[in-house]
Each structure stands twice: as structure tokens, then as C-alpha cells.
Amino acid sequence: MSKDLLPIGRFARLCRLSVKQLRHYDDLGLLAPAWTDPASGYRYYRPAQARDALMIGLLRAMDVPLPVVARVLSGDERAELKAARDRIEADVARRQRGLRLLDRVLAEGLPEHEVSLVREPARRVFTAREPATPATIPDATGACVARLLPRMSPESLLIGLFPLDMEEEFDVRVTVEAADGDDLLPGGAFASAVHVGPYEEIPLTVHGVLAWFGDHGHTPAGPVREVYLSDPATTPPERLETRVQIRVEDSQ
């Protein structure tokens, strides 16, 4: 055994990791000891391994997933750290949106909306579709809108379609009405309310419409429709108008 090897306990203190963590990272193939005593199974590390161990501890403290940590250690450091940073930034933005919603609910309770029962015609549309998770709905919606821009005119009716039951992964759809559209958006009876405010607060109106279903004993059917009545490029977020519609399954 080389004299410059450190027993696992001393190496753990040097790297501000626990012995248990070091054993776990060895088991994962993330940070193998320099030498393992074949008789006792005791692990020993070289001081030069401290840099990798410290990097692992730092990234894990920031909730960077272990597969990403492994790729950082393999040499693709800049690209992987940039991707990890982008994911953390997106998570922070999502949590900030949640905090704003929570502040509004704490101040006002579940908003009361004027809900009306309307009949919508079937519409010919072009449809863009994008996979999403609950955290990536805004990005997925934006990607769909971008793909529909060539088919839009100032009079185009743009409608977002979102699942009523949120799963871990689902498709976001956005449609634009067009006489020559290759898809049909079904009509029927819908509970409808107008949301005024930022798009990120639309879930409050969706829950208000669903509360109407409970109050009136009706059954909702997805997808949730968001009919965008304002141009976000020229309208301040607090004045954006969006019509939220949910189909009434038991209406004739």
C-alpha cells in the first residue's frame, strides 16, 4: 500500500463527505477508492482525488442529479453544468409562480368567477402538439404557438388545450382556427369564464370553473380550453384576457 493513501475516514473529513456517502459513490462507480484492502475491504484514497470528491459534494448540495455529476467528472463540465443551471433556474421560476399564486389565494381565497354555460361550434383548426410536464407547460405552449405563427392572421382564434387530469407527462396542444384546417375541434356545451391577468394565474380560474361544476352537480370533461383573447406582445400581463372553458359532459 502506498504511503500517500488516506484511509476513508480521513479522506471523508478532507472532502466534507460522510464515509457512507463515499461508499455509496464507490458502489455507483462515481468515485472509486485508489486501493481497497482485499482482506478487510477497507477503502483508501489519494489526496488528489479530493478535487473530484469536493465537486461531487458541491453539485449534490445543489440537487444536481448523480448522472449529471458523473458526466461532469468525465470531462464535459461546461455543457453539463450549464444544463444543470438551466434546470435549477426553471425550477426557481416555477416555484416563484407558485408563491405568487399562493399569496393571491391567501389574500383572496379561491377567486369567484362569473361562469356561464355556452355552446361552442365545431371548428376546423391546425394543431401543434408538444410533450410537457406540469413544470414545462409554459415552454411547451410557447413552442406550439411558435409553430403555428405562419398560419395565423390578426383575426385568428388561438386555443390552448390542456389535460383535465395532470399526469407526470402529457401533451400540450394549441390550435388555430382556419377554414382549411386539417383537424376538427369538437363543439358542445361548455362552462366558460374569463380570466383577466397573467397566464401563470390561469389555474386559479380553472379551479373556479371546476368549483362551478361541483356547485351545480355537473361532470367536467377535458381538455381544458384556454381561448387567448389578447395579444401578449401589446397587452400588459395584468390586463391579458383568456377565456377558460371546460366541456360539460352530462349536458344535452
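## Three-stranded sheet

Three strands form an open sheet in the order S1-S3-S2, with antiparallel pairing; two strands count as paired if DSSP finds at least two bridges between them. Strands (E, at least two residues) and helices (H or I, at least four) are DSSP runs, numbered from the N terminus. Strand S1 (6-7) and strand S2 (35-36) stand at the edges, each with a single partner strand, so one side of each has no neighbour in the sheet. S1 is joined to S3 by 2 bridges, and the two run antiparallel. Leucine 6 stands opposite tyrosine 45 in S3.

The model is predicted: local features need pLDDT of at least 70 and side-chain atom pairs count only at pLDDT 80 or more, while totals for chains, interfaces and linings use all residues. Residues are numbered from 1 along each chain as its sequence is written, and side-chain values use heavy atoms, with hydrogens and water left out.

## Aromatic pairs

The structure holds 5 aromatic pairs. Rings of Phe, Tyr and Trp (its six-membered ring) pair if their centres lie within 6.5 Å; planes under 30 degrees apart count as stacked, over 60 as edge-to-face and the rest as tilted. Phenylalanine 11 and tyrosine 45 have ring centres 4.5 Å apart and planes at 5°, so this pair is stacked. The pair links distant parts of the chain, with phenylalanine 11 in helix H1 (residues 8-15) and tyrosine 45 in strand S3 (residues 43-45), 34 residues apart. Both phenylalanine 11 and tyrosine 45 are buried (under 20% relative accessible area; exposed is over 50%, partly exposed in between, with a 1.4 Å probe and protein chains only).

For tryptophan 35 and tyrosine 44 the ring centres are 5.5 Å apart and the planes at 40°, so the pair is tilted. Tryptophan 35 counts as partly exposed at 31% relative accessibility, whereas tyrosine 44 is buried at a relative accessible area of 15%. Ring pairs link Trp35, Tyr42 and Tyr44 into a cluster.

## Helices H1 and H2

H1 and helix H2 (residues 19-27) pack with their axes 9 Å apart, at an angle of about 100°. Axes are lines fitted to C-alpha atoms, for helices over the stretch in contact, and angles run from 0 to 180 degrees between N-to-C directions. H1 is therefore roughly perpendicular to H2 (65 to 115 degrees; under 35 is roughly parallel, over 145 roughly antiparallel and the rest oblique). The contact (heavy atoms within 4.5 Å) is made by Ile8, Gly9, Phe11 and Ala12 of H1 and by Val19, Leu22 and Arg23 of H2.

## Eight-stranded sheet

A second topic is the open sheet of 8 strands in the order S4-S9-S11-S10-S6-S7-S5-S8, where the pairing is antiparallel. Strand S4 (116-120) and strand S8 (183-185) stand at the edges with a single partner strand each, so one side of each is left without a neighbour in the sheet. On average, neighbouring strands of this sheet are turned by 40° against each other, direction ignored.

Strand S5 (residues 123-132) is joined to S8 by 3 bridges, and valine 125 stands opposite aspartate 183 in S8. Strand S6 (residues 158-162) is joined to strand S10 (residues 220-228) by 5 bridges, with phenylalanine 162 opposite valine 224 in S10. S10 pairs with strand S11 (residues 241-248) over 6 bridges, and tyrosine 228 stands opposite threonine 242 in S11.
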